[in-house]
Amino acid sequence: MSEPVVLGIESTCDETAAALVRGRTLLSNVVASSMQEHARYGGVIPEIASRAHAEAFVPCVSKALADANMTLQDVDAIAVSAGPGLAGCLAVGVSGAKALAWASGKPLYGINHVIGHIAVTQLQFGPVHENTMALIVSGGHTSLLHVTDIARTIDVVGTTLDDAAGECFDKVARLLGFPYPGGPHIDRHAQHGNPQAIKVPQGLTQGQAGAKHPYDFSFSGVKTAVARWVEGQQALGREIPTDDVCASLADSVATVLAKKTMRGCRQYDSDTLIVGGGFSANSQLRAKLLEYGRSNGVDVRIPEIRLCTDNGAMVAVLGASLVEAGVAPSDPDFSIDSAMPLTTISL
């Protein structure tokens, strides 16, 4: 078939999103975030997010179709995030997508939204090559993956043993008095600080633990070390150098991610690295990965900021990749999987 037109629907956390692609061309991309409704609570409240998805689903899909100047009948397939994510949020998107698929007679793909973060780079950089490494960094995931075939075969090389990078940033941000979400605040302050001002440990890089977990990540100790340093300064009555704290934290986390990722590229003899997930919007991480990529001969592909956070485009592009590869659609009565393993690309 010619390049498939796919409607992608995303509702795993606090963004309701819908997008249309034709192959690897983005036709429309609509995102409605309930972030502000969660900010007062310092984190995402699943019940509030689920209700926001229910309210935003029809307007988002309608606008995505209108922006692309299409109707459901112009669509070749529908793709929806079926996991991992918050169960109530996933249920809204999947039930809505099933209703659309049934009403229009279109095939439906329940996809892994984390793998969507890899697939979306095709909009900027073209097809995902065989033997590509992928680093997924978000609020809940820090994972190093080896991609053999974006539609069929992905293996987990490394994963988070405790706090993900995004969680670490949010917890330190709360300690520094920043509102939720804390990551962007740390990013801005870090740009004005000295990354060498405070000695921040680099988790799972030294000794037996580092040797045992060469590709895994641990940021809980990083968070604790920064917290103890801040508390120590406060106990002495000293003013906290916020910019320096943020810069030192950001540099430590970015360096660990870059070092371990490049080690993975060498291990698999891969010269391409795809980076995805909301935390990949962090400017220190982007700079560090590009720097390490240049010195290691690795082509680092980081999407533009609007495609880093959860969006419908990533779901639609993965759906298009599945259609093009001849992968069968999901069974009509497939269930959501809030803890979907990263080796599962579609249900």
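How many bridges join strand 2 to strand 3? Eight bridges join these two strands, which run antiparallel.

## Basis of the model

This is a predicted model, in which local features need pLDDT of at least 70, side-chain atom pairs count only at pLDDT 80 or more, and totals for chains, interfaces and linings use all residues. Residues are numbered from 1 along each chain as its sequence is written, and side-chain values use heavy atoms, with hydrogens and water left out.

Helices (H or I, at least four residues) and strands (E, at least two) are DSSP runs, numbered from the N terminus. Two strands pair if DSSP finds at least two bridges between them.

Five strands form an open sheet in the order 3-2-1-4-5, and the pairing is mixed. Strand 3 (25–33) and strand 5 (108–112) stand at the edges. Each has a single partner strand, so one side of each is left without a neighbour in the sheet. Neighbouring strands of this sheet are turned by 20 degrees against each other on average, direction ignored. Axes are lines fitted to C-alpha atoms, for helices over the stretch in contact, and angles run from 0 to 180 degrees between N-to-C directions.

Strand 1 (residues 5–10) and strand 2 (residues 15–22) run antiparallel, joined by six bridges. Glu-10 has Ala-17 of strand 2 as its bridge partner. Further along, Arg-22 is bridged to Thr-25 in strand 3. The hairpin of strand 2 and strand 3 has two residues between the strands, and Gly-23 takes a positive phi near 65 degrees there.

## Helices on this sheet

Helix 3 (residues 87–104) lies across strand 1, strand 4 (77–83) and strand 5. Helix 3 runs at about 160 degrees to strand 4. Helix 12 (residues 312–324) also packs on the sheet, touching strand 1, strand 2, strand 3, strand 4 and strand 5. The direction of helix 12 makes about 135 degrees with that of strand 1. Contact means heavy atoms within 4.5 Å.

Another open sheet of five strands has the order 8-7-6-9-10, with mixed pairing. Which strands stand at its edges? They are strand 8 (153–158) and strand 10 (299–301), each with a single partner strand, so one side of each is left without a neighbour in the sheet. The twist averages 25 degrees from one strand to the next.

Strand 7 (residues 142–149) runs antiparallel to strand 8, and five bridges join them. In strand 8, Val-156 is the bridge partner of Leu-145. Helix 11 (residues 283–296) packs on the sheet and touches strand 6, strand 9 and strand 10. Its direction makes about 160 degrees with that of strand 10.

Helix 10 lies across strand 6 (132–137), strand 7, strand 9 (272–276) and strand 10. Helix 10 runs at about 155 degrees to strand 6.

Helix 7 (residues 183–190) packs against helix 10 at an angle of about 105 degrees, with their axes 7 Å apart. The two are therefore roughly perpendicular to each other. Angles under 35 degrees count as roughly parallel, over 145 as roughly antiparallel, 65 to 115 as roughly perpendicular and the rest as oblique. Ile-186, His-189 and Ala-190 in helix 7 meet residues of helix 10 including Cys-246 and Leu-249. Ala, Val, Leu, Ile, Met, Phe, Trp, Tyr, Cys and Pro count as nonpolar, Asp, Glu, Lys and Arg as charged, and the others, Gly among them, as polar.

Helix 6 (residues 165–175) and helix 10 pack at an angle of about 175 degrees, with axes 11 Å apart. They are therefore roughly antiparallel to each other. Ala-165, Cys-168, Phe-169 and Val-172 in helix 6 meet Leu-249, Ala-250, Val-253 and Leu-257 in helix 10. That contact has eight nonpolar, no polar and no charged residues.

## The largest cavity

The largest cavity has a volume of about 30 Å³. On a 1 Å grid over the protein atoms alone, a cavity is a set of points where a 1.4 Å probe fits but cannot get out, and lining residues have an atom within 4 Å of a point. Grid points are joined across faces, edges and corners, and a volume is the space filled by probe spheres set on the points.

The lining consists of Ile-198, Val-200, Val-226, Trp-229, Val-230, Val-245 and Ser-248. Helix 9 (220–235) gives the largest share, three residues. The lining divides into six nonpolar, one polar and no charged residues.

Technical notes. 1 Å grid on protein atoms, 1.4 Å probe; cavity = no way out; pocket = protein on both sides within 12 Å on 5 of 7 lines; lining within 4 Å.
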